[in-house]
Amino acid sequence: MPNVKPEMRVIFVVILSLFAAFLFLPLLILFARSFEDEQGISIANYMSIWSDRNMIEASFNSLKVSAAAAFISTILGFMLAYAIHCTNMYRPLKSVLKTAIVVPMLLPTITYGFAIIYSLGNQGLLTKLAGRSLFDIYGFNGLLIGYVIYTLPSAFLLLHNAFQSVDKKFIIVSKLMGDGTLRSFANTILRPLIGTLGGAFVLSFILSFTDFGIPASLGGAYPVVATQLYQVMLGSIPDFNQGAVIAVLMLVPAMFGIWLLKRLERLNFHYDKLADTELPRHRIRDAAFGFISIATVLGMLSVFAVMFIAPWLTAFPYDLTFTLKHVISTFQSSDLTRVYVNSLFVALLTALFGTLIAYSAAILNVRTSLMGRSALDIVSMISNTVPGMVLGISYLLLFNGSSLKGTFAILVICNMMHFFTTPYLMAKNALSRMNPSWETTGELLGDSWFNTVWRVILPNSASTVIEMASYFFINAMVTVSGIIFLVSAQTSVVASKIKELQHFGKFNEIFVISLLIFFTNLIIKLLCDYLQKRRTVN
Amino acid sequence: MSHILKLQNISKHFDGKTILDNISFEIGTGEIVSLLGPSGSGKTTLLNIILGLTQMDQGKIIFHQSDLTHVPMRKRGFNIVFQDYALFPNLNAYDNIVYGQRNNKESASPQQIQEYIEFLELKPHLQKKIGELSGGQKQRVALARTLVTNPKILLLDEPLSALDGVIKESIKQRIQSIAREFKLTTIIVTHDPEEALTISDKILIINQGKISQFGAPQEIVHQPSNDFVDQFIIKQLHIKRQNIYNLFGEQYA
Ligand SMILES: Nc1ncnc2c1ncn2[C@@H]1O[C@H](COP(=O)(O)OP(=O)(O)OP(=O)(O)O)[C@@H](O)[C@H]1O
Ligand SMILES: [Mg+2]
C-alpha cells in the first residue's frame, strides 16, 4: 500500500464531512425532534403515539405482512436459485429466468400497487381471465403480493450469489458416502446456505417494512407504519414531532435487522476452491423445479402485463378498443414530459456523484493506509440501515428552512446517501482484489497518486464503475420513499408524480409514465451490461 | 571499492514483534548483493525499508554520504521489481515499459529504451497484453519498466522464484549482465542458496531478523560463521550435490 498522501486526507475529510452534514446531522435532528414537545424535552411523544389505536394496528399489520412476505420470498428465491444452480434444466431457460426475475427492480414500487389493482382487482385483467374474483386485494393479500414481487429479486440475487460459492462437488461426495436424498440436501445445500437464507429473510423483511410505494397505492383501509408516517407528516394536520417518533420507531427494526444480517454472515461457509462439477441426473427434480420457477416468474410478470396493455386501450377494462390517445396525451402534457426530464436529470447526477463518492471512499478504505479509514465502513453501515422514508423525513426536518429546500441538489444528495452501501461494497470488492503494489509502482515511475488512479486503477475497475453508476441511476429513477418528502412543484420527479396522479385517478397516465421509467431503466441496464461485456472481453 | 550504500543498526517491529534486529552492512558501487534467508526472516521488510516504502523504527541509511533516513521513497531514486511484478493489465507490454518515461527528466532516452528492449529480447512481445505474456516475459517487462527510470539502486524481490528451470538461468544471467554493463548496484532477495551463491558478489544471510553472515560466496562456502549457515545453506548444497552425484556418477561430484 502506498504511503499516505495529503490529497488522500483531503478527499477523506470531504467525504466524511458530506456524511456528517447529510446523514448524521439529519438523523440527530430527527432524534431530537422526537423528544420535543410544547413543554420541552420529554418522552411524551413516544407515549402518546401508542394511545392511537391506528398506530398500534399499523405496527402489528406491518410486522405481520412483512414477515409473511419475507418468508414467501425466501422460499421462492431459494427454489429459483436452486433450479438455476442444482438442476440440469435447459440452459437458455435458466438465463431467461435469471433475467426475468429482476425485472421488477426496474419499476418504482408505487407502480406495483396499480398493476395489482388492474390485474387482480374486481375488474382486473387476471380476474377476468380467471372468471371470478380471486381474493380481496385491498389489504393483507394485496400488500403481500406486492411485497413478494418487490423483495423476491433481492432475495433471489442474494441466494444466487451464495449458490455460486457453494462447492457442488460435495453433492457427489455425499452421494458416494451413501447419504439419502434428504440428508444429502441438508448437508450439502441447506447447511452452507443457512446464513444466506436467514439473510434473505431479514433483507426482505426490512425492505417490506420500510417500503412506502406499495401501501401507498394499495393500502387504504389497511394501515401500515409507512402510510401512518406519511399521513402524520404530509396529511391534513401535519405533526412533525409525531412523525419523528414514527420514523425513529421505523429505524428500530431496520437496525435490528442489519445487526442480525451481520450475525448471520458468520454462519456462511467459505470453500477454498471451486471446481466445475457435473450434477447427478434426476428427471423428477429437474421437472419439478423447472415448473415451480417458470410458474413463479410468469406469475410475477403477469401482474405487470396489464401495465403494457391498459394504456393502449380506450377504457380498460370496459372498452377494449385500441387507441393512442392516452399515450399521446401523456406526451403532450408538458407537465409530464418535464417531470420525466427532471427524473433523468436527478438520476444522471446521482449516478455521477454517487459513483464518484462511493468509489473514492472504497479506494481510501482498501487501497491506502490512512488513519481512521474504517470510519467509511461505519458510514456505509449506517447509510444501509436508514430507510428511505426516515432519511427523507430527517431532511425535511433539517433543511425545511434552508435554501436547499425544493432543489434538485437535495434530491441528488438524498439518493447518494440512501443508495451508498451497495456500490461502495462493489467497489471495495473489486479494488481489494487488484494488485496492492500498483500505486507504489506508479509512484516509483514518477506518477502522482491521482495519476496512477486515473491511468491504472480506474481502467482496471471500469466494469465495476459502470455497474455502480447503473445501480445509482436505476435506483434514483424508481425511488419514492425518501424523495416524496423533498420534491417541490419545480423538482417533481416521475416516481413522486405517480402519487399525485393517483389522487386524480389518472391511471392511464400512471401506466404510461411507469412504462417510460421501465424502458429508460431497461436501456440503461442493457447499455451498461453491453459496456461491461466489452470491458471484460478486452 | 567505494561504498555507495550504508545501513546502520536498522531495527523494525511489527505489532511488538521484532522483525529486523540491528542490521548493519555496506554495499559497494555496482555490486550485486543477495539477501538470503528462510521464509519470514525479514528479507522483504529490509528491502522495503531500503526502498523507502516501509519506515524503520531505528537506524540510518546513508547513500553517497547523504542521510536517506527521512527521505521519502520517491526522492530516493531507487526502484524495485516486485515479486508479483505489479504490471498494469490495462496497458500492453510496451506501454508498461515506457510508463514512467514522461514523468522523469532523468529517465531513459528513446535509444536507451530500445537498448533495454533488445537486450531483454522483448521486441516480439511489445504489443501483447499482460495476460498473454508468460512468466518469464512478464519478469522481463517488469525489469525493463523499472530500468527505464534509471534507478540509482535496483531492488529485486525474489525475481526468480516464480520461474522454472531454463528461463530461471537465462534471467539470472541477464540480471548479472545488466548490473555489470550499466554499473547498476543491485540488491536481490532470495531464499535459494544456490541462486544467491551464483548470482551475487556479496551475500547477506538473515535469520529471524538478525544477520547470520555477510560476505562473498567463497567466504560463506568455506568459512560458514555459525551453525545456521552451515546447517541451512551449506547442507542444502551438499544434498543437491549428492543427488546429482547419485544420478550421473563420480565426475559430477
Ligand atoms: N505489514 C506487516 N504487519 C505485520 N507483520 C508483518 C508485516 N509485514 C511483514 N510482517 C511480518 O514480518 C515478518 C517478516 O516478513 P517478510 O515479508 O519481511 O519476510 P520474508 O523474509 O520476505 O519472507 P518470505 O520469504 O516468505 O517472503 C513475517 O513474520 C511477517 O509476518
Ligand atoms: Mg518476501
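Tutor: Before we start, helices (H or I, at least four residues) and strands (E, at least two) are DSSP runs, numbered from the N terminus. The model is predicted.

Student: Between which two helices of chain A is the loop that holds A:Thr479?

Tutor: A:Thr479 sits in a loop, and its relative accessible area is 7%. Buried means under 20%, so A:Thr479 is buried. Setting aside neighbours within four places in sequence, A:Thr479 is in contact with A:Asn415, A:His418, A:Phe419 and A:Ala495. The loop lies between helix H22 (462–478) and helix H23 (494–503).

Student: Is A:Thr407 buried, partly exposed or exposed?

Tutor: A:Thr407 is in the loop between helix H17 (388–399) and helix H18 (408–418) of chain A. Its relative accessibility is 23%. Buried stops under 20% and exposed needs over 50%. So A:Thr407 is partly exposed.

Student: Which residues of helix H16 of chain A are buried?

Tutor: Helix H16 covers residues 375–385 of chain A. Its buried residues have cover that includes helix H1 (6–34), helix H12 (240–265), H15, H18 and helix H19 (421–432) of chain A. The buried residues are A:Leu376, A:Val379, A:Ser380, A:Ser383 and A:Thr385.

Student: How far apart in sequence are the parts tied together by A:Asp377 and A:Lys428?

Tutor: The side chains of A:Asp377 and A:Lys428 meet in a salt bridge at 2.7 Å, N to O. A:Asp377 lies in helix H16 and A:Lys428 in helix H19, both of chain A, so the pair ties these parts together. The separation is 51 residues.

Student: Is A:Asp447 buried or exposed?

Tutor: A:Asp447 forms a salt bridge with A:Arg455 (3.1 Å, N to O). A:Arg455 is at 17% relative accessibility and counts as buried. The value for A:Asp447 is 1%, and the cut-off is under 20%. So A:Asp447 is buried.

Student: Which helices of chain B hold B:Glu194 and B:Lys240?

Tutor: B:Glu194 and B:Lys240 meet in a salt bridge of 2.5 Å, N to O. The pair ties together parts 46 residues apart in sequence, because each partner lies in its own helix. B:Glu194 is in helix H7 (residues 193–199) and B:Lys240 in helix H9 (residues 227–248).

Student: What is phi near in B:Gln208?

Tutor: B:Gln208 lies in the loop between strand E9 (202–207) and strand E10 (210–215) of chain B. It is exposed, at 67% relative accessible area. Its phi is positive, in a residue other than glycine. The value is near 45°.

Student: What accessible area do A:Phe71, A:Ile72 and A:Ile75 have together?

Tutor: A:Phe71 is in helix H3 (residues 53–86) of chain A. A:Phe71 has a relative accessible area of 53%, so it counts as exposed. With A:Ile72 and A:Ile75, A:Phe71 forms a nonpolar surface patch. Together they have about 260 Å².

Conventions. Residues numbered from 1 in each chain as written. Chains lettered and ligands numbered in written order. Predicted model: local features only at pLDDT ≥ 70, side-chain atom pairs only at ≥ 80, totals over all residues. Heavy atoms only, no water. Patch = residues over 30% accessible without salt bridge, like charges linked within 9 Å, V, L, I, M, F, W, Y side chains within 5 Å. Areas by Shrake-Rupley, 256 points an atom, 1.4 Å probe, with all protein chains shown as cover. Salt bridge = Lys/Arg side-chain N within 4 Å of Asp/Glu carboxyl O. Buried < 20%, exposed > 50% of the residue type's maximum accessible area, 1.4 Å probe, protein only. Contact = heavy atoms within 4.5 Å.
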